[in-house]
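Hi,

Here is the structure I promised to pass on. Have a look at it first, and then read my notes below.

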Amino acid sequence: MALSSKDLLGLKGMPADEIRLILDTAATFKDVSERDIKKVPTLRGKTVINLFYEASTRTRTSFELAGKRLSADVINISTSTSSAAKGETLLDTARNIEAMKSDIIIVRHSCSGAPHFLAGRLESSIINAGDGFHEHPTQALLDLFTLREKLGRLEGITVAIVGDILHSRVARSNIYGLIAMGARVRLCGPPTMMPAGIERTGAEVYRNMDEAIKGVQAVMMLRLQLERQAAGLFPGVREYARLYGMNRARLEAAGKGVIVMHPGPMNRGVEIASDVADNDSVILEQVTNGVAVRMAVMFLLSGGNKAEA
Ligand code: CP
């Protein structure tokens, strides 16, 4: 089995068997990062470009490591030191990169739809590393991988996603991916940060966090985008932490063994208490799994299938 598209732009509409293929392939790559020599020759001769128009620690580094562990040649382009700073358009930049014979271009951009725009105009495989408020598919795939690893399944589980749903590309990709895999999704956050009509995805909306997280298998906390505080979408950080923050008392009331996740970067003491983040979360396991998931995505988009991994 192979992926049906040359690109990975989002999880909306991605069939469950393709998501399962990525997760199964990632499982076969996970041990590469545990070895002394963390490298396999799978993508030798392929050229991977990280084209990031927004800041990133986890996603950019993890794509770079994933490419290098597959023996691809990986180049990082930061827009502050590229000709984008002189006003070159996204398409011109991407076409010039492709003229140097890229195979995969990984794009992070503040504009929703930027990776889709490139995918229709370039032959290289385009991977969406986060576009505006739209999607962040590899983050959701690594979240699904982590949940499946912990729980042994995705079908039938219930996951609460808490925080600024409106501006979260992580939330959107997770909603699509989890529901495609047969999980139930509960959403909770300030009413001003809940997209109108989000129930049409199949997710359930909760106003009260304690009710939203009661009896679930996992809670995904989202970063409070503090830069949006000026827009008056919530009364204040302290109020937000009280109503929508994960802390020990809340975690214990939610039930035994609830998995706590966060995509990072986190605001300690705001959406998640340090005590919970450091002692009760799987945040760093999510980051570890991100490398295997991104190896799988690049391998499959390059024409590989799971049996060869
Ligand atoms: N989770 C995530 O996308 O983190 P970065 O912004 O550091 O890549």
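Here's one to start with: does Arg148 count as buried, partly exposed or exposed? Arg148 counts as partly exposed, because its relative accessibility is 22% and buried means under 20%. Keep in mind that this is a predicted model.

Now the overall picture. The protein chain has 11 helices and 9 strands. Its radius of gyration is 19 Å, which agrees with what a compact globule of 309 residues would have. Buried residues make up 54% of the chain. Of the contacts between residues at least 6 apart in sequence, 73% join residues at least 24 apart.

On to the charges. There are 38 positive and 34 negative side chains, and the salt bridges come to 14. Side chains of opposite charge can pair when their charged atoms come close.

Back to Arg148: this residue pairs with Asp24, with the closest N and O atoms 2.8 Å apart. Arg148 sits in helix 5 and Asp24 in helix 1, so the pair ties together parts that are 124 residues apart in sequence. Asp24 is partly exposed too, at 24%.

Helix 5 also holds Glu149, which is 119 residues from Lys30 in the loop between helix 1 and strand 1.

Glu239 and Arg242 make another salt bridge, at 3.3 Å. Both are in helix 8, 3 residues apart, which is about one turn of the helix.

Cheers

Definitions and conventions
Residues numbered from 1 in each chain as written. Predicted model: local features only at pLDDT ≥ 70, side-chain atom pairs only at ≥ 80, totals over all residues. Heavy atoms only, no water. Helix = DSSP H or I, 4+ residues; strand = E, 2+ residues; numbered from the N terminus. Rg over C-alpha atoms; globule rule 2.2 N^0.38 Å. Buried < 20%, exposed > 50% of the residue type's maximum accessible area, 1.4 Å probe, protein only. Contact = heavy atoms within 4.5 Å. Lys, Arg positive; Asp, Glu negative; His and termini not counted. Charge placed at Lys NZ, Arg CZ, Asp CG, Glu CD. Salt bridge = Lys/Arg side-chain N within 4 Å of Asp/Glu carboxyl O.
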